[in-house]
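Work through the following exercises with the sequence and the structure side by side, and try each task before reading its solution.

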Amino acid sequence: MTPKTAVVLAAGLGTRMGGKPKGLVKVAGREILYRTIYFLQKSGVDKFVIVTNERYAGLYREFIEKHGFNAELVINPEPEKGNGHSLHLARNYVSGRFVLVMSDHVYGEEFVAEAVKGNGLIADRRPRWADVGEATKVKVRDGRVEDIGKSLREWDAVDTGFFVLDEGIFEVTAELEGERNGDYPLSEVVKRARLPVTFVDGLSWTDVDTPSDVKRARKMLVKSAPKGIGDGFISRHINRRISTEISYLLAEKVTPNQMTAVTFAVGILSAVLTLINLPLAGVLYQLSSILDGVDGELARAQLRASRLGGYIDSILDRYVDGTFLALLAYSTLREPLWYLVALVALLGSVMVSYSTERFKGAFCRDAYREVPGLRKLPGKRDERVFLTMLFLLYPVDASVKALFALLALLTNLRVGATLYLIARKVS
């Protein structure tokens with residue numbers, strides 16, 4: 001059963017971050033703590049206890065009120081003591097099972113969804129983003145913590161700073177309070193309690209101790225932002241490699257809506273250029289296809305994704321594609337037969353997207369998840385745009401006609417195959 005309460009340890013003074021509370025440091029436009037609470041709420045946690053110090057209490061109180069979180073503050077008047085003491089101060093605010101997290105750890109949604117199902121210390125045997133040299137390592141025996149520390153020479157996994165505990169942990173902290181006068185690290189609590197270990201391997205998480213760690217966390221969020229499941233071949237192997245680098249540079253500066261507007265403008269400009277310079281038009285069209293991934297990546301990295309944003313983006317893509325093909329036909333074709341071929345290509349290009357979006361509207365499910373065979377069909381937008389650029393790099397009358405013929409055939413065959421696969425799935 002998912003715990004309903006989470007304790008957040010945020011009593012550190014943030015000396016390596018210039019005296020700023022690390023939980024309120026923004027990564028990709030959102031506070032670290034906002035991300036943690038947001039994902040925990042999605043996983044069923046509805047109450048939060050934030051242990052902080054007197055210096056930062058006002059800032060955290062403003063943060064709670066601003067976002068309307070169901071959270072209360074516990075003040076640690078001695079933040080110089082170990083974070084085990086901060087955990088002990090939360091003992092009167094929780095009951096039953098609860099989540100314990102560090103305020104300076106950035107977690108991805110998939111990680112949190114898996115971690116809340118665990119028990120004890122959540123550890124990662126294949127950390128992708130954490131600085132293993134600085135991370136706290138864990139030695140495991142019989143499914144429990146045998147040893148823990150940053151300097152372990154032999155270890156099995158890395159401590160993710162995420163725990164699922166129960167009230168029994170406070171018996172251990174009470175013992176240490178008496179023995180150590182309240183000054184002891186959380187790692188000592190973990191070791192003495194011999195907490196069980198749950199492995200959540202290879203998912204997105206990292207800790208933030210220094211400004212350079214903020215850059216690594218931003219890269220993690222952006223690199224894990226692509227939707228992936230609906231991407232075509234070109235997006236997976238070319239476009240995303242470029243768009244995620246652009247998103248990394250813009251994550252703190254540009255909103256998804258601003259990027260949508262820029263991408264639309266570049267796409268329309270590429271269409272207009274078909275009247276002037278076909279190779280340049282093709283290259284700019286491909287650039288707009290690359291940029292088309294950036295707004296979605298920013299939306300997911302910044303936790304600003306919305307159905308409205310995705311809807312508008314899809315509509316604008318259809319305008320760009322329609323305008324590009326229409327002006328390309330106008331500027332290059334002369335025979336009525338080829339105008340008809342261009343019209344079929346244009347309709348097919350629109351119907352490729354419509355055939356899957358209409359499925360979502362009719363069945364309230366994602367077509368690419370429900371019908372995996374759709375992912376293997378050629379002819380998605382990223383592939384068509386890239387193909388268009390290739391044909392326009394050395395434009396002659398025959399190459400443009402061949403492009404329209406190929407697009408007409410490819411898109412309409414794809415729509416037919418989509419109808420067949422979906423009908424077979426739902427019938």
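**Exercise 1.** Decide how many of the 11 residues of helix H1 are buried, and name them.

*Solution.* In this predicted model, a residue is called buried when its relative accessible area is under 20%. Going through H1, which spans residues 32-42, we find that 8 of its 11 residues are buried, and the helix is therefore described as mostly covered. The buried residues are Ile32, Leu33, Tyr34, Arg35, Thr36, Ile37, Phe39 and Leu40.

**Exercise 2.** Find out how helix H9 and helix H11 are oriented towards each other, and list the residues that form their contact.

*Solution.* We begin with the geometry: the axes of H9 and H11 lie 8 Å apart, and the two helices pack at an angle of about 10°. Angles under 35 degrees count as roughly parallel, and H9 and H11 are therefore roughly parallel to each other. Next we look for the residues that touch, and on the side of H9 these are Thr260, Phe264, Gly267, Ile268, Ser270, Ala271 and Val272, while H11 contributes Asp313, Leu316, Tyr319, Val320, Thr323, Phe324 and Leu327. Sorted by class, the contact of H9 with H11 has 9 nonpolar, 4 polar and 1 charged residues.

**Exercise 3.** Describe how helix H14 packs against H11 and against helix H15.

*Solution.* We take H11 (residues 307-332) to begin with, whose axis is 13 Å from that of H14 (residues 381-393), at a packing angle of about 25°. That angle makes H11 roughly parallel to H14, and the crossing of the two is left-handed. From H11, the residues Asp317, Arg318, Val320, Asp321, Phe324 and Leu328 meet Arg381, Arg384, Thr388 and Leu392 in H14. This contact divides into 4 nonpolar, 1 polar and 5 charged residues.

We then turn to H15 (residues 397-426), where the axes of H14 and H15 come within 9 Å and cross at roughly 165°. Because of that angle, H14 is roughly antiparallel to H15, and here the crossing is right-handed. The residues of H14 that take part are Arg384, Leu387, Thr388, Phe391 and Leu392, and they meet Ser399, Val400, Ala402, Leu403, Leu406, Leu407 and Thr411 in H15. By class, the contact of H14 with H15 has 8 nonpolar, 3 polar and 1 charged residues.

**Exercise 4.** Determine which residues of the largest nonpolar core touch the most other members, and examine the surroundings of Phe404.

*Solution.* The largest nonpolar core holds 43 residues, and the members that touch the most others are Val27, Val106, Leu221, Phe324, Leu328 and Phe404. Several helices each supply at least two residues of this core, including H9, H11, H14 and H15, but the largest share, 8 residues, comes from helix H10. For Phe404 we leave aside the neighbours within four places in sequence, and we then find contacts with Leu325, Leu328, Ala329, Thr332, Leu333, Val341, Ala342 and Ala345. Apart from this core lies another one, of 36 residues, among them Leu33, Phe39, Tyr56 and Leu73.

**Exercise 5.** Is Ala423 buried, exposed or partly exposed?

*Solution.* We locate Ala423 in helix H15. With a relative accessibility of 40%, Ala423 counts as partly exposed.

Methods
Residues numbered from 1 in each chain as written. Predicted model: local features only at pLDDT ≥ 70, side-chain atom pairs only at ≥ 80, totals over all residues. Heavy atoms only, no water. Axes fitted to C-alpha atoms, helices over the stretch in contact; angles between N-to-C directions. Helix = DSSP H or I, 4+ residues; strand = E, 2+ residues; numbered from the N terminus. Parallel < 35°, antiparallel > 145°, perpendicular 65-115°, else oblique. Left-handed = near helix turned anticlockwise from the far one by under 90°. Contact = heavy atoms within 4.5 Å. Nonpolar A, V, L, I, M, F, W, Y, C, P; charged D, E, K, R; others polar. Core = buried A, V, L, I, M, F, W, Y, C linked by side-chain atoms within 4.5 Å. Buried < 20%, exposed > 50% of the residue type's maximum accessible area, 1.4 Å probe, protein only.
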